Amino acid sequence: MLISSAITRRDLNFSKMCFLIKCLKRLKSSQQWLSRQRADPYVEKAKINNYRCRSAFKLLEMNEKTNILHPGLTVVDLGASPGSWTQVAVQKTNADGADSTKPKGTVLSIDKLQIFPIPGATILSNMDFSTIEAHDKVVNMLDGKPVDLVLSDMAPSATGIRELDKDRILGLCYMAIRFAALVTKIDGNLLFKVWDGKEVPILEMDLERFYKNIKILKPKASRSDSSEKFILARGFKGIQRPLQNGRWG
């Protein structure tokens with residue numbers, strides 16, 4: 001009994017030590033994140049311009065170079081929470097009708113998470129865009145109108161396992177491509193986030209079968225230590241072969 005009690009105490013002490021180490025690592029990581037946020041000029045700019053997060057400036061910068069957003073367009077923003085890309089899309093497409101001299105666009109945003117209302121945008125919260133239900137709802141809400149541009153700034157929650165995280169974001173990329181292929185008009189565009197790696201050229205080759213032009217973008221607002229890049233696929237050709245799960249047959 002004495003030996004058993006000693007082992008139990010030792011196991012408990014070891015568990016406590018592991019827990020404390022994890023807490024310290026999380027605290028250090030949180031402190032690093034806070035320090036980086038305080039030093040980031042885009043965080044302050046987002047507050048000044050009333051954007052929900054700094055990622056708005058990534059889209060603004062890419063749009064300056066590519067002009068993919070302009071008044072009158074129909075845009076779907078996938079994984080849109082908290083909504084900064086949606087805010088930019090509304091402004092650039094005139095979806096809120098702020099400028100009566102320009103065509104009024106349409107912006108529809110969808111996410112599994114809650115998205116608080118954004119004037120000029122139609123919000124679909126708590127919905128998985130990859131489901132048939134979501135696709136049908138989007139089509140119905142747009143009254144069958146084809147989409148000019150699909151946006152995606154989605155990324156999975158990091159597990160800390162590099163290869164697993166890359167596989168997960170790659171899966172999201174293919175789901176976004178599949179969704180876009182089902183709703184985008186001919187010559188429409190797709191812009192989505194990916195993490196740099198050996199899989200990206202394969203992704204580009206798949207896209208070339210369905211889009212006329214593929215371009216890799218790395219906006220200045222994207223942190224230099226981040227492996228994120230954005231792929232802009234322009235000129236949708238239409239679906240030439242049936243879509244399979246995730247990839248094309």
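Apart from neighbours within four places in sequence, lysine 193 is in contact (heavy atoms within 4.5 Å) with Ser152, Asp153, Met154, Ala155, Ile169, Cys173, Glu228, Lys229 and Phe230. The model is predicted: local features need pLDDT of at least 70, side-chain atom pairs count only at pLDDT 80 or more, and totals for chains, interfaces and linings use all residues. Residues are numbered from 1 along each chain as its sequence is written, and side-chain values use heavy atoms, with hydrogens and water left out.

**Lysine 193**

- Lysine 193 lies in strand β5; helices (H or I, at least four residues) and strands (E, at least two) are DSSP runs, numbered from the N terminus.
- With a relative accessibility of 10%, lysine 193 is buried; buried means under 20% relative accessible area, exposed over 50%, and partly exposed in between (1.4 Å probe, protein chains only).
- UniProt lists Lys193 for "active site" in an unreviewed entry; such annotations may be inferred rather than shown by experiment, and UniProt positions are given in the numbering used here, with feature names shortened.
- Lys193 also belongs to a network of salt bridges that links it with Lys58, Asp153 and Glu228.

**Largest pocket**

- The volume of the largest pocket is about 1,600 Å³.
- A pocket is an open set of points on a 1 Å grid over the protein atoms alone, where a 1.4 Å probe fits, with protein on both sides within 12 Å along at least five of seven lines. Grid points are joined across faces, edges and corners, and the volume is the space filled by probe spheres set on the points.
- Its lining (residues with an atom within 4 Å of a point) comprises 50 residues, and Asp153, Met154, Ala155, Pro156 and Lys193 lie nearest the centre.
- Two or more lining residues come from each of α1 (2-39), α2 (41-48), β1 (74-78), α4 (84-93), α6 (162-183) and β5 (184-195).
- The most is given by α6, with eight residues.
- By type, the lining divides into 19 nonpolar, 12 polar and 19 charged residues. Ala, Val, Leu, Ile, Met, Phe, Trp, Tyr, Cys and Pro count as nonpolar, Asp, Glu, Lys and Arg as charged, and the others, Gly among them, as polar.

**Helix α3**

- Nine of the 11 residues of α3 are buried, so the helix is largely enclosed by the rest of the structure.
- The buried residues are Ala56, Phe57, Lys58, Leu59, Leu60, Glu61, Met62, Asn63 and Thr66.
- Their cover includes α2, α4, β4 (147-152), β5, β6 (211-217) and β7 (228-236).
- Just after α3, asparagine 67 has a positive phi of about 55 degrees.

**Salt bridges**

- There are 11 salt bridges in the structure, each a side-chain nitrogen of Lys or Arg within 4 Å of a carboxyl oxygen of Asp or Glu.
- Glutamate 61 and lysine 65 form one of them, with their closest N and O atoms 3.8 Å apart. The two residues are four apart in α3 (residues 56-66), about one helical turn. Glutamate 61 is buried at 14%, whereas lysine 65 is exposed at 59%.
- Aspartate 99 pairs with lysine 102 at 3.8 Å, N to O. Aspartate 99 is partly exposed at 27%, and lysine 102 is partly exposed at 45%.
- Aspartate 128 and lysine 112 meet in a salt bridge at 3.9 Å, N to O. This pair links distant parts of the chain, 16 residues apart: aspartate 128 is in the loop between β3 (121-124) and α5 (132-141), and lysine 112 in the loop between β2 (106-110) and β3. Aspartate 128 is partly exposed at 26%, while lysine 112 is exposed at 57%.
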